There are 2 protein chains.
Amino acid sequence: MRHHGGRGARGRHRIGPGRWGVRARVERFVEPAVLLLLRERRAHGYELLDALPDLTGDARVDMGNLYRVLRALEEDGLVQSEWEAGVPGPAKRTYELTPEGRRLLDEWATALGRSRERIDSFLERYEGG
Amino acid sequence: MRHHGGRGARGRHRIGPGRWGVRARVERFVEPAVLLLLRERRAHGYELLDALPDLTGDARVDMGNLYRVLRALEEDGLVQSEWEAGVPGPAKRTYELTPEGRRLLDEWATALGRSRERIDSFLERYEGG
DNA sequence: CCATACATGTGTGTTTTACATATAGATGCG
DNA sequence: CGCATCTATATGTAAAACACACATGTATGG
């Protein structure tokens, strides 16, 4: 590996030589994605892990962080969980959305709408120039 | 030892009681914003600081990080700077976009386009349900 | 003289994301 | 059996992105 020359102290995530990895992702996007999926149907973490890429566009979501997000959501009463009993295989913790979680999803939706508008006006200005 | 008691309040940035601050911002958005502004005209940091909120939607951008971004961009040859000579007042370092920076801006534009599509399909699915 | 606006920076802490590893039940296979 | 693999849930820790605070210096107006 041969890059060190002139490289900055600031390690932006390069993808190739001279390239900056540009993804333009929305911060904490798995959070609203999880809420939306749970509004559609109750599910456990592993199922969400499977369904999330459809919404996020990423190949796959980090499982460690997903479980932490689920815990954090539950701590604040935005989702509820229970261990699914009687089924074979590893124990599954099944989550469902609470009314508060539903409201949070609504907030996310409006915030995402604003974000889209910002992107729109950016791209308009970009194309105009 | 499954299901031990919840502890450790995960400090998501609350705004009010029971509320989660939801902003849905695009990661590193000041970067493309700076590049776009510099494509329109050369400028120094303080000018950018003034012009940025128009693109980002935030009240104001953190100056410390802005200057660090400008440095990082210059280290990788995406912008060029020189001290403006002969003018009264504090010394100004004026930046302009390089061809590489222009290409990075183009990458940002496509990435932002994809991001917008993801938001669109999310909101569609949100409204549909 | 002092406050304020202009202008450029560094220091440091917090939040968010990424990468790695641990544990364990079930299933299939040689 | 012994072992790999898939399902399933989690923790540990490092890196990246962001926020907040402070330092320095030039000019202008009262």
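I looked up A:F29 first: its relative accessibility is 9%, so A:F29 counts as buried (under 20% relative accessible area; exposed is over 50%, partly exposed in between; 1.4 Å probe, protein chains only). The model is predicted; local features need pLDDT of at least 70, side-chain atom pairs count only at pLDDT 80 or more, and totals for chains, interfaces and linings use all residues. Residues are numbered from 1 along each chain as its sequence is written, chains are lettered from A in the order in which they are written, and side-chain values use heavy atoms, without hydrogens and water.

Next, aromatic pairs. A:F29 and B:F122 form a tilted pair, 5.5 Å centre to centre with 55° between the planes. B:F122 is buried at 0%.

I then checked A:F122 and B:F29: the centres are 5.5 Å apart and the planes at 55°, so this pair is tilted. A:F122 is buried at 0%, and B:F29 is buried at 10%.

For the contact of chains A and B (heavy atoms within 4.5 Å), I noted 60 residues from chain A and 58 residues from chain B.

Last, I looked up charges across this interface. The rule finds 10 salt bridges (side-chain nitrogen of Lys or Arg within 4 Å of a carboxyl oxygen of Asp or Glu). One joins A:R116 to B:D120, with the closest N and O atoms 2.4 Å apart.

Definitions and conventions. Phe/Tyr/Trp six-rings, centres within 6.5 Å; stacked < 30°, edge-to-face > 60°.
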